[in-house]
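Welcome, and thanks for taking a look at this one with us. Below is a short briefing to read alongside the sequence and the model.

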Amino acid sequence: MIRCLVVDDEPLAIDIISDYIEKIPFLTLVKSYQNPIEALMAVQNGEADLVFLDVQMPELTGIQFLKIANGKCKVILTTAYQEYALEGYELNVVDYLLKPVAFERFYQAAQKAQQLLCNVAAPLPVETNAAPAPINNFIFVKTEHKIQKIYLNDILFIEGLKDYISIYTKTERIITLQSMKKMEDVLPEHQFIRVHKSYILALDKIESIERSRITIGDKIIPIGDTYRDGFFKAIESRNV
């Protein structure tokens, strides 16, 4: 049985996550906290295996909580904000749930935690085993609630978030359960290039390059050492 804490400054959010925990046989709720400092003390005392943790809280943010806890337990972030995903995964969170959280998605995250904590093989989502096949000038990707069509010409860049990727287009950001390697394999080489372990770019959307940084719109993207030579060869082939 995985011992869980819920940490959130919103009582309604605590009620929803607590209710979800009660529905899953391999989870047990130890306690919920609106005060993250009290929850942190419980974690440091070894009272939990898994924490469902909000990010934006007044006394202590979820990111600060993660850094102080320093791996004392597994953490699944629950937040209404997408922008903390990359930093969360860099701090080895199990998963990143965007509010409002559907039970199906919550269960998927709980299975991942079970796999890590109990060495139980969790079933892989069938839809994401295969890379999305390119069809002419567009691809389909599976998001939380639908399969979405994305035109290749609309893609600015793709950002890797551990098990997920964010596809940035001219008008929106789409998050899908997919790997950077599979996206790199499926996207046409003449149109896209990988420049960092966490970034694939559309070559025609690059606005400027300065040393090891690429500008696309208001985004500054680093060039990784592993990808530097290949990137600059691709750029040189287009120089006049």
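**Lysine 205 and its surroundings**

The side chain of lysine 205 comes to 2.9 Å from the backbone oxygen of asparagine 153. Please keep in mind that this is a predicted model.

*Lysine 205*

- You will find lysine 205 in the loop that links strand S12 (199-202) and S13.
- Is lysine 205 buried or exposed? Its relative accessibility is 14%, and buried means under 20%, so lysine 205 counts as buried.
- Lysine 205 also has a side-chain partner in aspartate 204, with a polar contact of 3.1 Å between the two side chains.
- Once neighbours within four places in sequence are set aside, the contacts of lysine 205 are Asn153, Ile155, Leu156, Lys170, Thr215 and Ile216.

*The three-stranded antiparallel sheet*

- Strands S13, S14 and S15 make an open sheet in the order S13-S14-S15, and their pairing is antiparallel.
- S13 and strand S15 (219-222) are the edge strands, each pairing on one side only.
- On average, neighbouring strands of this sheet are turned by 25° against each other, direction ignored.
- S14 and S15 run antiparallel and are joined by four bridges.
- Across from arginine 213 stands proline 222, in S15.

*Helix H7 and what covers it*

- Which residues of helix H7 (residues 228-236) are buried? They are Phe231, Ala234 and Ile235.
- Viewed down the axis of H7, these buried residues fall within an arc of 100°, so they line one face of the helix.
- An α-helix has 3.6 residues a turn, so residues three or four places apart point the same way.
- Asp229, Lys233 and Glu236 are exposed on the other side of H7.
- The cover over the buried residues of H7 includes strand S11 (192-196), strand S13 (208-210) and strand S14 (213-216).

*The five-stranded parallel sheet*

- Five strands build an open sheet with parallel pairing, in the order S2-S1-S3-S4-S5.
- Its edge strands, each pairing on one side only, are strand S2 (27-33) and strand S5 (95-98).
- From one strand to the next, the twist averages 20°.
- Strand S4 (residues 74-79) pairs with S5 in the parallel sense over four bridges.
- Leucine 77 has tyrosine 96 of S5 opposite.
- Helix H1 (residues 11-23) lies across strand S1 (2-7), S2, strand S3 (50-54) and S4, and runs at about 165° to S2.
- Helix H5 (residues 103-118) lies across S1, S2, S3, S4 and S5, and runs at about 165° to S5.

*Phenylalanine 106*

- Phenylalanine 106 belongs to helix H5.
- With a relative accessible area of 0%, phenylalanine 106 is buried.
- Not counting residues up to four places away in sequence, phenylalanine 106 touches Ile17, Tyr20, Ile21, Ile24, Leu27, Phe52, Leu97 and Val101.
- One of these partners, isoleucine 24, is 82 residues from phenylalanine 106 in sequence, while the C-alpha atoms of the two are 9.9 Å apart in space.

*Annotation*

- An unreviewed UniProt entry places the feature "domain: Response regulatory" at residues 3-114.
- In the model, the span of residues 3-114 is 43% helix and 24% strand, and its end C-alpha atoms lie 11 Å apart.

Technical notes: Residues are numbered from 1 along each chain as its sequence is written. This is a predicted model: local features need pLDDT of at least 70, side-chain atom pairs count only at pLDDT 80 or more; totals for chains, interfaces and linings use all residues. Side-chain values use heavy atoms; hydrogens and water are left out. Buried means under 20% relative accessible area, exposed over 50%, partly exposed in between (1.4 Å probe, protein chains only). Helices (H or I, at least four residues) and strands (E, at least two) are DSSP runs, numbered from the N terminus. The arc is that of the directions from the helix axis to the C-beta atoms. Contact means heavy atoms within 4.5 Å. A polar contact is a pair of N or O atoms within 3.5 Å; within protein, one must be able to donate a hydrogen and the other to accept it, and residues adjacent in sequence count only if both atoms are side-chain atoms. Two strands pair if DSSP finds at least two bridges between them. Axes are lines fitted to C-alpha atoms, for helices over the stretch in contact, and angles run from 0 to 180 degrees between N-to-C directions. UniProt positions are given in the numbering used here, feature names are shortened, and annotations may be inferred rather than shown by experiment.
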